[in-house]
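Student: I have a structure to go through. Please take me through the terms and hold each one against its cut-off.

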Amino acid sequence: MADSTPWIARESGPEDRKFSPAAERNRDVIADALLRLLPSSGTVLEIASGTGQHISHFATLRPDLTFQPSDISSDALRSITAWVAESGGGANILPPIHLDVLAQDAEAQFEDDALAAVMCINLMHISPWEASEALFRLAGKWLPRGAPLFVYGPFFQAGVETAPSNIAFDENLRGRDTRWGIRSIEKVREAASANGFDMPEVTAMPANNLSLAFRRS
């Protein structure tokens, strides 16, 4: 999968530590939706951890869990390491790993049923659709029955009026890369179902985003 990490800004601090204002704004509301879904123990994989702001924050809120950050971008991997170090955390955060969900050897990164949960924030709309299909395929292999897969981002939903800002955002994304774009929940559900996931719990989030909480059936 091509590297499409949209670095927005850099916060003052270590050179490697990237900063996303959006990640800072939405980290708490995402935490409220995500953390109640997670089990009481085990390893939580984040696919496309980006700057590392989210996972370093979530890990401080759930010290009972082990968090595994990952990304395709070498800049992101350095930023994640810097955020963890700067926060003073890291006791329950594993070193970040390079993970390309479209790579032929991606499945070998983890054994079947090795993870307690998988989360993926703001990836589907800035990657080819094949990456979303691969996300569900891999999570379906790595998660045991009943384990959650948490997805967050903008989505289109049949029968629900689309916000003008999301229409404009979708046009902007497709103008930047024809393989990108906001996905429909219906298409996402089909990909999830094909890989052994139940219908998601859909939660409205700020700024016209949604969280989709799937469970491995």
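Tutor: Residues are numbered from 1 along each chain as its sequence is written, and side-chain values use heavy atoms, with hydrogens and water left out.

Student: What is the average pLDDT of the chain?

Tutor: pLDDT is the predictor's confidence in each residue, from 0 to 100. The chain averages 92, and 92% of the residues score at least 70. Residues 1–12 fall below 50. Beyond near neighbours in sequence, that stretch still has 38 contacts in the model; a contact means heavy atoms within 4.5 Å. Where pLDDT is low, the predicted coordinates should not be read in detail.

Student: Why is A147 called buried?

Tutor: Buried means under 20% relative accessible area, exposed over 50%, and partly exposed in between (1.4 Å probe, protein chains only). A147 has 5%, so it counts as buried. A147 is in the loop between α4 and β5. Helices (H or I, at least four residues) and strands (E, at least two) are DSSP runs, numbered from the N terminus. Leaving aside neighbours within four places in sequence, A147 is in contact with A116, F214, R215 and R216.

Student: Which value of phi does D113 have?

Tutor: D113 has a positive phi of about 60°, though it is not a glycine. D113 lies in the loop between β3 (97–98) and β4.

Student: What makes a set of residues a nonpolar core?

Tutor: The members are buried Ala, Val, Leu, Ile, Met, Phe, Trp, Tyr and Cys residues joined through side-chain atoms within 4.5 Å. The largest such core has 32 residues, of which I47, V118, F136, L149 and F214 touch the most other members. β1 (43–47), β4 (117–121), α4 (129–142), β5 (148–153), α6 (185–193) and β9 (209–215) each supply at least two residues. α4 gives the most, with eight. Apart from this core lies another, of 24 residues, among them L37, L77, I93 and Y152.

Student: How do you know that the buried residues of α6 are on the same side?

Tutor: The buried residues are I185, V188, A191 and A192. They cover an arc of only 125° around the axis, which puts them on the same side of α6. The arc is that of the directions from the helix axis to the C-beta atoms. E190 and S193, on the other side, are exposed. The cover over the buried residues includes α4, β6 (155–156), β7 (183–184), β8 (201–205) and β9.

Student: What makes a space a cavity or a pocket?

Tutor: On a 1 Å grid over the protein atoms alone, a cavity is a set of points where a 1.4 Å probe fits but cannot get out. A pocket is an open set with protein on both sides within 12 Å along at least five of seven lines, and lining residues have an atom within 4 Å of a point. Grid points are joined across faces, edges and corners, and a volume is the space filled by probe spheres set on the points. The largest cavity holds about 30 Å³. Its lining includes C120, N122 and Y152, and β5 gives the most to that lining, with three residues. The second largest pocket has a volume of about 190 Å³. Of its 13 lining residues, F155, V160, E161, N208 and L210 are the closest to its centre.

How values were computed. This is a predicted model: local features need pLDDT of at least 70, side-chain atom pairs count only at pLDDT 80 or more; totals for chains, interfaces and linings use all residues.
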